[in-house]
Amino acid sequence: MALALSLSGCGVVPGLADAPTPTPVTSQATSPSPSSGAAPSASADRSATKAALTISQARQAMREWVGKYNAALKKRKWWRQNALVDSLFLEAALHEAVLERNHEAFRWKPGHKPINLTGTLTVYLPRPEQQPSIGDWFIAQATYKDTKGHARPHVLAFFRSPGQPFRLVVATPIHWGQRMPKPLLDADGYITDMDNAVARAVTEEYLNFWNNKKKEGTSGYRLAKNSYSRKAFPAVNKGLYVAFAGHGAVFGFRTADGGLFFLFALVNDPKHVNQVLSEALLVPKGSKTIQELGANWFS
């Protein structure tokens, strides 16, 4: 059973509307605000003074974030230090602190573990002119131990506003037996834009499925039979389940074989925050079936 709590006092992100990245924080609120819109449209209206983010810089930013994250875990009850939480997380990732508050309420041990990166750190970065004027984002694939101590590939999305450090927006481990698809890269090694219409349909289908408001497939897409969501829903729905109100920013790219990769998180109504579902998905070329490459439910 989960305990419904909120992140009182944390700086959070307003709802999204067809944006590939979080919008900048403009006010203080009590909890992350989910989006009813879908993802990506790139903006070419970039500030002339905004330096282009490089792959090596993104890789270094990921390592620096890990260092700050590991340092935060050493602080007593870090999940109750709103400024600290806000410096590390955005959107659905802010609920990492809610998870630990649940653990504290039930007198469980903290669920977060330090991240010790192993192997190659892969970065998926859009072209500079495809970054929005409000900031920069990238996706990273990194291998580290999950909460059960097993080394697994994880996929994470980071965003920064101008003049600010990168913060985590969404992350999930990759399922056993699955792997990240190869991206379709341009001549300079940048990922290529994903399909906005498919992104909207995919997020809509996940809301349809979990909220059970509409029949499956009304979005034009359908979850694969062996998907994590199909297996998790019967057990989850027996607990303290609150329907998802929307989703955060959707990150993604076209794959080398013509498919589409998406990474996003579903979140509750801000007044009833007790669960978050992060999803890493693949829609193969010409297919209407959504394959789950990775997923992470926490409550």
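Guide: Let's start with the cavities: there are 3 of them at 30 Å³ or more. A cavity here is a set of points, on a 1 Å grid over the protein atoms alone, where a 1.4 Å probe fits but cannot get out. Grid points are joined across faces, edges and corners, and a volume is the space filled by probe spheres set on the points. This is a predicted model, where local features need pLDDT of at least 70 and side-chain atom pairs count only at pLDDT 80 or more, while totals for chains, interfaces and linings use all residues. Residues are numbered from 1 along each chain as its sequence is written, and side-chain values use heavy atoms, with hydrogens and water left out.

The largest cavity has a volume of about 60 Å³. Its lining residues (those with an atom within 4 Å of a point) include Ala92, Glu96, Val169 and Phe298. By class, the lining has 9 nonpolar, 2 polar and 1 charged residues. Here Ala, Val, Leu, Ile, Met, Phe, Trp, Tyr, Cys and Pro count as nonpolar, Asp, Glu, Lys and Arg as charged, and the others, Gly among them, as polar. Strand E4 (167–173) gives the most to this lining, with 4 residues. Helices (H or I, at least four residues) and strands (E, at least two) are DSSP runs, numbered from the N terminus.

Now for the open kind of space. A pocket is an open set of points with protein on both sides within 12 Å along at least five of seven lines. The largest pocket has a volume of about 940 Å³. It is lined by 36 residues, and Asp146, Thr147, His154, Pro173 and Asn296 lie nearest its centre. The largest share of that lining, 7 residues, comes from E10. Among the other elements that supply at least two residues each are helix H1 (55–73) and E4.

E4 also belongs to an open sheet of 4 strands, in the order E1-E2-E3-E4, with antiparallel pairing. Two strands pair if DSSP finds at least two bridges between them. Strand E1 (118–124) and E4 stand at the edges with a single partner strand each, so one side of each is left without a neighbour in the sheet. E1 and E2 pair over 4 bridges, and tyrosine 124 stands opposite isoleucine 139 in E2. H1 packs on the sheet, touching E1, E2, E3 and E4; contact means heavy atoms within 4.5 Å.

Methods
Axes are lines fitted to C-alpha atoms, for helices over the stretch in contact, and angles run from 0 to 180 degrees between N-to-C directions.
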